[in-house]
Amino acid sequence: MKFLVINGPNLNRLGLREPAIYGSKTLTDLEMDLLAFGEVEQIEVTCFQSNHEGDIIDAIHEAEDQFDGIVLNPGAFTHYSYAIRDAIASVSFPVIEVHISNVHAREEFRHTSVTAPVTIGQIIGLGFKGYELAMLALKERVGGIKR
Ligand code: DQA
């Protein structure tokens with residue numbers, strides 16, 4: 001089973017960026033943890049981060065024949081990118097949306113996700129753990145279909 005983890009804009013700043021909200025661990029820490037978790041769970045994990053909407057869209061499209069699912073934290077694109085929403089809707093594998101922080105306890109603009117309706121679900125506010133939970137949920141959903 002192969003999953004792609006996509007982190008969107010500003011998530012390369014984890015560890016430096018608003019540590020009271022996002023914690024002190026870096027994107028590299030997160031990606032290393034996910035690779036190790038993948039090994040334990042027998043999931044092949046590939047991580048990708050971009051600050052650019054088009055690059056995230058391309059990564060979603062290109063994942064079609066290569067991955068069984070995507071764990072996606074679209075960052076602020078969550079709240080307004082219809083283009084990323086359409087990219088998710090265009091692929092046949094499941095996508096789970098993850099947010100490190102509890103967006104519902106934050107500013108009003110973060111309460112809306114334009115991408116969530118085309119994912120199979122969201123995991124919000126559980127820190128880095130949310131990515132692992134998303135992988136477990138994807139693993140169960142994808143079931144027997146292994147690449
Ligand atoms: C975030 C929440 C978004 O509102 C914000 O723009 C981010 C990170 C999260 O993981 O909590 O960049 O997606």
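The largest pocket holds about 160 Å³ of space. A pocket here is an open set of points on a 1 Å grid over the protein atoms alone, where a 1.4 Å probe fits, with protein on both sides within 12 Å along at least five of seven lines. Its volume is the space filled by probe spheres set on the points, joined across faces, edges and corners.

This is a predicted model: local features need pLDDT of at least 70, side-chain atom pairs need 80 or more, and totals for chains, interfaces and linings use all residues. Numbering runs from 1 along each chain as its sequence is written, and side-chain values use heavy atoms, without hydrogens or water.

Now the lining. By class, the lining has six nonpolar, seven polar and three charged residues. Tyr counts as nonpolar, Gly as polar, and Asp, Glu, Lys and Arg as charged.

What takes up this space? The ligand does; more than half of its atoms lie within 2 Å of the grid points. Residues with a heavy atom within 4 Å of the ligand include Pro 9, Arg 17, His 79, Val 103 and Arg 110. That shell has five nonpolar, five polar and two charged residues.

On to polar contacts, meaning N or O pairs within 3.5 Å. Ser 101 places a polar side-chain atom 2.6 Å from a ligand oxygen. For Asn 73 the distance is 2.8 Å. For His 99 it is 2.8 Å. Alone, the ligand exposes 320 Å², and the protein buries 99% of that, by Shrake-Rupley with a 1.4 Å probe.

Next, the records. An unreviewed UniProt entry puts "active site" at Tyr 22 and His 99. These are spread over 78 residues of sequence, yet the largest C-alpha distance is 9.8 Å. Both Tyr 22 and His 99 line the pocket.

"Binding site" in UniProt, also unreviewed, covers Asn 73, His 79, Asp 86, Ile 100, Ser 101 and Arg 110. They span 38 residues, but the farthest two C-alpha atoms are 24.2 Å apart, so they do not all gather at one spot. Asn 73, His 79, Ile 100, Ser 101 and Arg 110 are in the pocket lining.

Technical notes:
On a 1 Å grid over the protein atoms alone, a cavity is a set of points where a 1.4 Å probe fits but cannot get out, and a pocket is an open set with protein on both sides within 12 Å along at least five of seven lines; lining residues have an atom within 4 Å of a point. A polar contact is a pair of N or O atoms within 3.5 Å; within protein, one must be able to donate a hydrogen and the other to accept it, and residues adjacent in sequence count only if both atoms are side-chain atoms. UniProt positions are given in the numbering used here, feature names are shortened, and annotations may be inferred rather than shown by experiment.
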